[in-house]
Amino acid sequence: MAYRKRPNPMTDKNYVEYDNIDVTGTINYTERYRFYNAMEEMIGQKIVQAQHMRINVPNFQPVIRVNLSTPDEQAYPNQSERFFKLLDWARQNNMIIETNVVTPICLNSWAGKVVRTMATPGHRHMFEDGHHFYYPETYNPETKKTVLSKNPVIIPPAKLLEMGLCDVIFLADGRIKTR
């Protein structure tokens, strides 16, 4: 079984290779369907592999790694819908969704939703440089609507451990920090 990498990784920032889903660009781009098709193919192959492995090892759970380094600050509900359906398909087939946050990500974005709701507890990793941030909602009495604040709130890695938004922090000196 050969996993196909997305075509032309030099120009495409989001790609799939083996059991890694690398998201280093935005999810809101026109070529995302090739990315989603590669994800679907990889997850399908992992499901077949897991079924064969479970004959001998009943509790076998393959791991899919989602490496996040995306600048997106929006949810992009239409563009990311298939992404979440594919991850949910993997979870329904007893796969572990491991997240690795490399650079700061916005919790208001679709990537923040991956970390908050899709990642398997115990498998949410981040690098020391990869903090989370979010834009709090505020009520505007003039328009009588809830809007996002323009000033982000930064959550440092140590606080993320306390809040349960990550399980392991990889420090720059090679050590790890856990809860």
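This is a predicted model: local features need pLDDT of at least 70, side-chain atom pairs count only at pLDDT 80 or more; totals for chains, interfaces and linings use all residues.
Residues are numbered from 1 along each chain as its sequence is written, and side-chain values use heavy atoms, with hydrogens and water left out. Local features need pLDDT of at least 70 and side-chain atom pairs count only at pLDDT 80 or more, while totals for chains, interfaces and linings use all residues.

Reader: Are the helices H2 and H3 roughly parallel or roughly antiparallel to each other?
Author: H2 covers residues 77–92 and H3 covers residues 110–118; helices are DSSP runs of H or I with at least four residues, strands are runs of E with at least two, and both are numbered from the N terminus. Their axes come within 11 Å and cross at roughly 20 degrees, the axes being lines fitted to C-alpha atoms over the stretch in contact and the angles running from 0 to 180 degrees between N-to-C directions. Angles under 35 degrees count as roughly parallel and those over 145 as roughly antiparallel. H2 and H3 are therefore roughly parallel.

Reader: How many residues of the contact of H2 with H3 are charged?
Author: On the H2 side the contact is made by Ser-80, Phe-83, Phe-84, Leu-87, Asp-88 and Arg-91, and on the H3 side by Trp-110, Lys-113, Val-114, Thr-117 and Met-118; contact means heavy atoms within 4.5 Å. Asp, Glu, Lys and Arg count as charged, Ala, Val, Leu, Ile, Met, Phe, Trp, Tyr, Cys and Pro as nonpolar, and the others, Gly among them, as polar. The division is 6 nonpolar, 2 polar and, as charged residues, 3.

Reader: Which residue forms a salt bridge with Arg-91?
Author: A salt bridge is a side-chain nitrogen of Lys or Arg within 4 Å of a carboxyl oxygen of Asp or Glu. The closest N and O atoms are 3.6 Å apart, and the partner is Asp-88.

Reader: Is Asp-19 buried or exposed?
Author: Asp-19 lies in the loop between strand E1 (14–17) and strand E2 (20–23), 46 residues from Arg-65 in strand E3 (residues 63–68). The two side chains meet in a salt bridge at 2.5 Å, N to O. Buried means under 20% relative accessible area, exposed over 50%, and partly exposed in between, with a 1.4 Å probe and protein chains only. Arg-65 at 26% is partly exposed, whereas Asp-19, at 19%, counts as buried.

Reader: What is the relative accessible area of Gln-79?
Author: Gln-79 lies in helix H2. Leaving out residues up to four places away in sequence, Gln-79 touches Ile-27, Asn-28, Arg-32 and Tyr-36. Gln-79 is buried, and its relative accessible area is 18%.

Reader: How far apart in space are Ile-21 and Met-39, C-alpha to C-alpha?
Author: Ile-21 is in strand E2 and is buried, with a relative accessible area of 0%. Beyond its neighbours within four places in sequence, the contacts of Ile-21 include Phe-35, Met-39, Met-42, Phe-83 and Leu-87. Ile-21 and Met-39 are 18 residues apart in sequence, and their C-alpha distance is 7.3 Å.

Note on methods:
Angles under 35 degrees count as roughly parallel, over 145 as roughly antiparallel, 65 to 115 as roughly perpendicular and the rest as oblique.
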